[in-house]
Amino acid sequence: MFDPTSLIPTEALRAFRDRIHRVAREKIGPQASRVDEKEFFNREAESLLWDHGLLTLTFPKKYGGYGKGRAVALCIGVEEIAKYCASSSLLLIIQAVGSFPIIHGGAKRIKQTYLPQMSQGRKPVAYLVTEPTAGSDVASIQTTAVRDGNHYILNGSKCFATSGGVAGIYSVLAKTSEGKNGSSFFLVERESEGLSIGRTERKLGQRGSNTTEVFLENVKVPAENLLGREGEGFLIAMKDFDMSRPAIAAQALGIAEGAVATIVQFIREKNTVETSMADHPVIQAVLADSAVLIEAGRGLTYRAALLNDEGKDDTKLASMAKCFASDAAMKITTDLLDVFQILNEYGFLKDSQLERMFRDAKLTQIFEGTNQIQRLVIARQMLKESMG
Ligand SMILES: Cc1cc2nc3c(=O)[nH]c(=O)nc-3n(C[C@H](O)[C@H](O)[C@H](O)COP(=O)(O)OP(=O)(O)OC[C@H]3O[C@@H](n4cnc5c(N)ncnc54)[C@H](O)[C@@H]3O)c2cc1C
């Protein structure tokens, strides 16, 4: 297994990584295939993640957060869990993404009320931005929030909501006026009248994560549930990306490392009877190329996370990390399936872990902005920088 020690800045973070690795290997990993096969949200894994503080990592320390180094801690937690079960690692990501508008935009009273509810009451959060006609282009959302005295009335349809059907709290992006700065985030409780859960999506990968539609029909929320100021929604979503894109990169790294570990273990076990296997030039090339991609991806990922922790967000670097690591994970899992073929084994078949990892890798290229969009972000940023 690749050792990221040199990029993890403190002894405490290294100890954290080792602890999470053990939980992932011993408790979560053994359930991964069944969860994927049966496509269910694993409550047992969720409990473990709460027990180990993994669903509050980015919260302020007094509400169960990691404290200094939280973005790096999030990446470490995600990477270690994704080595064994990508679906479970997605829960860490969406919890951080969904709580970001509350932590960074919520008034003091909102944080004092809801963060303990989430951490002590163990309420997952969902992030409702995407709509049937608004994905990459967040500015084209149709959901509206209309002020009515001391309340806002929300109406609209959201889709692809990770944890949509299991969340207790929702961070919802809605239009408060027309134009680029016309969207705002709101905290909406699950029990709110008019909020309903639609279809649960069946997916190619990360099938143990819960993905649903969520409908809002005349949902009345107190005005104080506005997160940030009116019109700040887009800005909050963009800042959220600076933290979440390195976390997606960490998930992609974890999936790729899990896949490499599967093959390496297989070769070592088989080598006792057939010593030439590890000397096969194609296998060597794939293993070496995979290791190079993983190390390069790790450099980008943890540098972006470190900068986020230091408050020196680098949007271009966060996009590079997400784009590079997810493309790498897709290539690595694809190439390793070829290695299995060379070994006369059937990685393609359902009971191989590799087949699941190959499918799980695909999502890392799509969410938190597709890789086409990451390339746009990188190029635009380059041109902006060139103009000084
Ligand atoms: C399993 C899953 C979980 C998700 N979880 C969440 C969640 O919790 N909350 C949430 O809000 N969203 C979530 N999403 C939504 C996800 O972020 C969007 O799917 C993604 O942003 C792309 O949006 P879209 O699917 O509407 O594609 P579109 O925006 O319609 O794009 C379609 C295709 O066109 C490409 N494209 C679009 N615009 C351009 C352009 N300008 N230049 C080049 N290519 C372009 C895209 O890359 C894509 O390949 C999730 C999605 C999935 C699949």
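**Figure 1. Pairing of strand 6 and strand 7.** In this predicted model, strand 6 (residues 195–200) and strand 7 run antiparallel and are joined by four bridges.

**Figure 2. Pairing of strand 3 and strand 7.** Strand 7 (residues 211–222) also pairs with strand 3, in the antiparallel sense, over nine bridges. Within strand 7, Phe215 is the bridge partner of Ser157.

**Figure 3. Domains of the protein and the contact of domain 2 with domain 3.** The protein is divided into three parts: domain 1 (5–119), domain 2 (125–233) and domain 3 (234–386). The centres of domain 2 and domain 3, taken over C-alpha atoms, are separated by 30 Å. To the contact, domain 2 gives 16 residues and domain 3 gives 11 residues. The side of domain 2 that touches domain 3 consists of seven nonpolar, seven polar and two charged residues.

**Figure 4. Surroundings of the ligand.** The ligand is surrounded by 20 residues, of which Val129, Thr130, Gly135, Ser136 and Thr370 are the closest. Strand 1 (125–128), strand 3 (151–162) and helix 11 (371–386) are the elements that give two or more residues to this shell. By class, the shell holds 11 nonpolar residues, eight polar residues and one charged residue. The ligand lies between domain 2 and domain 3, because both domains give residues to the shell around it.

**Figure 5. The largest nonpolar core.** This core has 109 residues. Helix 7 (residues 233–271) supplies the largest share of the core, 16 residues. Those with the most contacts inside the core are Cys75, Leu92, Leu154, Val172, Phe186, Ala252 and Ala256. In soluble globular proteins, nonpolar side chains tend to be buried together.

**Figure 6. Contacts of Ala256.** Ala256 is one of the residues with the most contacts inside the largest nonpolar core. When neighbours within four places in sequence are left aside, Ala256 is in contact with Ser290, Ile294, Ala328, Ala329, Ile332 and Thr333.

**Figure 7. Tyr302 in helix 8.** Tyr302 is found in helix 8, which spans residues 281–309. A residue is buried if 20 or more other C-beta atoms lie within 10 Å of its own. Tyr302 therefore counts as buried, with 25 C-beta neighbours inside 10 Å. From C-alpha to C-alpha, Tyr302 and Arg190 are 35 Å apart in space, and 112 residues separate Tyr302 and Arg190 in sequence.

Terms used:
Residues are numbered from 1 along each chain as its sequence is written. This is a predicted model: local features need pLDDT of at least 70, side-chain atom pairs count only at pLDDT 80 or more; totals for chains, interfaces and linings use all residues. A residue is near a molecule or strand if its C-beta atom, placed from the backbone, lies within 6 Å of it. Ala, Val, Leu, Ile, Met, Phe, Trp, Tyr, Cys and Pro count as nonpolar, Asp, Glu, Lys and Arg as charged, and the others, Gly among them, as polar. Domain bounds come from an automatic or database domain assignment. A residue is buried if 20 or more other C-beta atoms lie within 10 Å of its own, exposed if 12 or fewer, and partly exposed in between; C-beta atoms are placed from the backbone. A nonpolar core is a set of buried Ala, Val, Leu, Ile, Met, Phe, Trp, Tyr and Cys residues joined through C-beta atoms within 7 Å. Two residues are in contact if their C-beta atoms, placed from the backbone, lie within 7 Å. Two strands pair if DSSP finds at least two bridges between them.
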